[in-house]
Amino acid sequence: MNQHDYETAVLKASLKKIDRMFTHVQQIPIYRGDDFTQQVLEDRREAKRQSLRIANEEPYFARLDFLDFENEDKKALYIGKVGVHDDEEDHPLVIDWRAPVASLFYSFNGSEEDVYYESPDGIVEGEIQLKRNVVIRGRELKRVVDSYVEGQESSGGDEFLLYKLGEQKDNKLKDIVSTIQAEQNSIIRSDVKKPLLIQGAAGSGKTTVALHRLAFLLYEYRERLKAERMMIFAPNAMFLDYIAQVLPELGVGDIQQSTYVDWALQKLDDSYEVESTEDRIFTRFELQVEPENQVVIKEKGSLAFRDQLKKYVEEEVANRLPIKDFIPWASGLVQKEKIQEWITQDFAHSAPLKQRERLQARLKRWVEIEVRMFEDEKERKAYKTEGLKAVRSYMNSWKKPDELKLYLNFLQQQNHPISQSLRSGKLFIEDLAPMVYIHQQLIGIDKEARFDHLVIDEAQDLSPFIISLLNDYTRKGGLTILGDLAQGIHGEEGIVTWDSFIKVLGQNCTYVQMEKSYRSTMEIIEYSNGILEQVENHPPLAKPVFRSGEPVKVISYSLSSMLQWLSDVKAYETIAFLTRTKKEAETLALELKEAAISATLIRAGDTTYKGGISILPIYLSKGFEFDAVMLTNVSNHHYPNNPVHQKLLYVGCTRALHSLSLSYEGTLSPIIPL
Ligand SMILES: Nc1ncnc2c1ncn2[C@@H]1O[C@H](COP(=O)(O)OP(=O)(O)OP(=O)(O)O)[C@@H](O)[C@H]1O
């Protein structure tokens, strides 16, 4: 029997078993009662239903033949997105890709003689005899590719990766379980106790790897980490929509997704307005006006600013502490020293506003106890009323600090300019971190409000202050931060090295560089590297995998040449025109409409990405990818030679998977490599 027939027979037998188990578990009525044990059993059945639903379509994607030295036991292990236990024969039918033994499938490169993995019972040593990828679609075996057969030369690993990378993309980011590379595997499985910071080239799989890491952590540490307490921060709603399918595809639900701005506003009880990110984008990229106060923005995002603010708030809070005796009636007294002792010792671990609440409660209790000495009920009641009134008045002498007032006073003290809109409570994005920080200083952070794990994507656009704030709101070590300094298009106020982030995360932090880029063909990566090389102090250039495609084209811009280009790339599923400005995108969208071509105009603030033909300003393309990309109007006028435009062009070019073209009128931008 040849490989294909053999694997077809295995698949048929596995699907038969999975079908049987699925039917069985579906026949059991869903328990909706109050009995706790039954609820736990029902939760398990539901988890099984969900796993079997995934396995039912595509039970596995790989096979690994492993000889366990200790038991002299050779097993063909089938690896899938979810593990399936064969209930009839009581053994694993499919191994979850996150299980320790499955790690060998990703880390083994064919050159090691003996391998080992860490099972819950200790180290298991053995030998790999076969590493095979299988492609199953619609319950049918489509392809078998061996990347390692003991005793044979094989480069099948690359062959299968290239086959996957050559596929076209639709409107959603996909999982990569069948082709996770060794360096990605070690990032996904890296120590849960250590924060992780990744500098990764464009297309190196940062976003994808971070999502797989969450799925791994939830599997490996299911007792400690809860999906509802994990969060992904990405720059905008459309990007969140674009990545939203990866985790459900991996069988993981309930992980929250948000933008940092939305989260921060919510922390401030939604009581403030903030300048919209779209306004900031418009000013910077459309009007080409950098915010006047870039130096101030940078300063407000610095750790030094955080430290000064901390000191200021602490002093303010200390100055407001009550410094008088509590005298509710002539013979009743709590001395100010006693009150100080309560605050500084008994309530030492509470935040100031909590201390205030606790003092109020304690004074009330004190009154209630003291009035017991009055035997006459009427008199007791009168004293109680008097006493509680005195508590209220005493507490009024301990003024509740107002976040905004504190912040404005601090800015004034530091001689920072204060705009009229800030005075009236309309914050700029850079004011959010200080405001949340003050809030946190005043009321503290509830254990429940801390993330079990937080993924921060496109982190190069955030300030060290924001990272430090988010670190405070996350369980120790629970941060995975990813970004690319080469794609930091936010001008002077952006970071230029990761040093300040490392300072926040501490020595314990794992810093990794991902240099291999998987998204684009060699031609596109080399071309984009030609742009990146011009960026001063650029991070390492991307290293391509050996996937060759068509050369990058530079053509002249006209509507007819754009229509011609569209017809050349029409076989691709996702196609994008990246314009320099919003206005150009609108004009082109209109022209294409008149030419009866259906295309989607993408604007800042959009919440979904539909795929097909898209037209968008280049600065909105960050994080996305398209099979074919046309950069329109890369003229000198649109892309003058400065760092922001170098990075914008780098971002634009690296969005293309298979085909990249640029077009221009007049003089070509000097940034474009010839
Ligand atoms: N091991 C892999 N196997 C198959 N595809 C991969 C692999 N790693 C990454 N990719 C693909 O490469 C592309 C880029 O991935 P992703 O968007 O996660 O990269 P990124 O580093 O976040 O990119 P950027 O910073 O440029 O936005 C995606 O299509 C992803 O599926």
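## Exercises on a predicted protein–ligand model

**Exercise 1. Which residues come nearest to the ligand, and how is the shell around the ligand made up by class?**

Next, find the elements. Helix 4 (156-165) and helix 6 (206-220) are the elements that give two or more residues to the shell. Then sort by class. The shell has six nonpolar, eleven polar and six charged residues.

**Exercise 2. What is the confidence in the model, and which elements have the lowest and the highest mean pLDDT?**

Take the whole protein. Its mean pLDDT is 91, and 97% of its residues reach 70 or more. Now go by element. Helix 10 (residues 277-286) has the lowest mean, 70. Strand 22 (residues 626-631) has the highest, 98. Where pLDDT is low, the predicted coordinates should not be read in detail. Finally, take the complex. The predictor gives an ipTM of 0.99 and a pTM of 0.91.

**Exercise 3. Which residues of helix 21 are buried, and against which elements do they pack?**

List the buried positions. In helix 21 (residues 522-532) they are Ile524, Ile525, Tyr527, Ser528, Asn529, Ile531 and Leu532. Consider the spacing. An α-helix has 3.6 residues a turn, so residues three or four places apart point the same way. Now look for partners. The buried residues of helix 21 pack against strand 16 (516-517), strand 17 (543-544), helix 24 (643-653) and strand 23 (656-664).

**Exercise 4. Which residues does Cys653 touch, and which members of the largest nonpolar core touch the most others?**

Begin with the core. The largest nonpolar core has 138 residues. Ile79, Leu214, Ile456, Ile481, Val629 and Cys653 touch the most other members. Zoom in on Cys653. Leaving aside residues up to four places away in sequence, Cys653 touches Ile524, Tyr527, Ser528, Ile531, Leu631 and Leu660. A second, separate core has ten residues, including Ile339, Leu359, Leu363 and Val391.

**Exercise 5. Asp254 and Glu458 each have a positive phi. Is each buried or exposed?**

Take Asp254. Its phi is about 70°, although Asp254 is not a glycine. Asp254 lies in the loop between helix 8 (246-249) and strand 10 (256-258). Asp254 counts as exposed because it has 12 C-beta neighbours inside 10 Å.

Turn to Glu458. Its phi is near 50°, again positive in a residue other than glycine. Glu458 lies in the loop between strand 13 (453-456) and helix 19 (464-472). Glu458 has 22 C-beta neighbours inside 10 Å, so Glu458 counts as buried.

Notes:
Residues are numbered from 1 along each chain as its sequence is written. This is a predicted model: local features need pLDDT of at least 70, side-chain atom pairs count only at pLDDT 80 or more; totals for chains, interfaces and linings use all residues. A residue is buried if 20 or more other C-beta atoms lie within 10 Å of its own, exposed if 12 or fewer, and partly exposed in between; C-beta atoms are placed from the backbone. Helices (H or I, at least four residues) and strands (E, at least two) are DSSP runs, numbered from the N terminus. Two residues are in contact if their C-beta atoms, placed from the backbone, lie within 7 Å. Ala, Val, Leu, Ile, Met, Phe, Trp, Tyr, Cys and Pro count as nonpolar, Asp, Glu, Lys and Arg as charged, and the others, Gly among them, as polar. A nonpolar core is a set of buried Ala, Val, Leu, Ile, Met, Phe, Trp, Tyr and Cys residues joined through C-beta atoms within 7 Å. pLDDT is the predictor's confidence in each residue, from 0 to 100.
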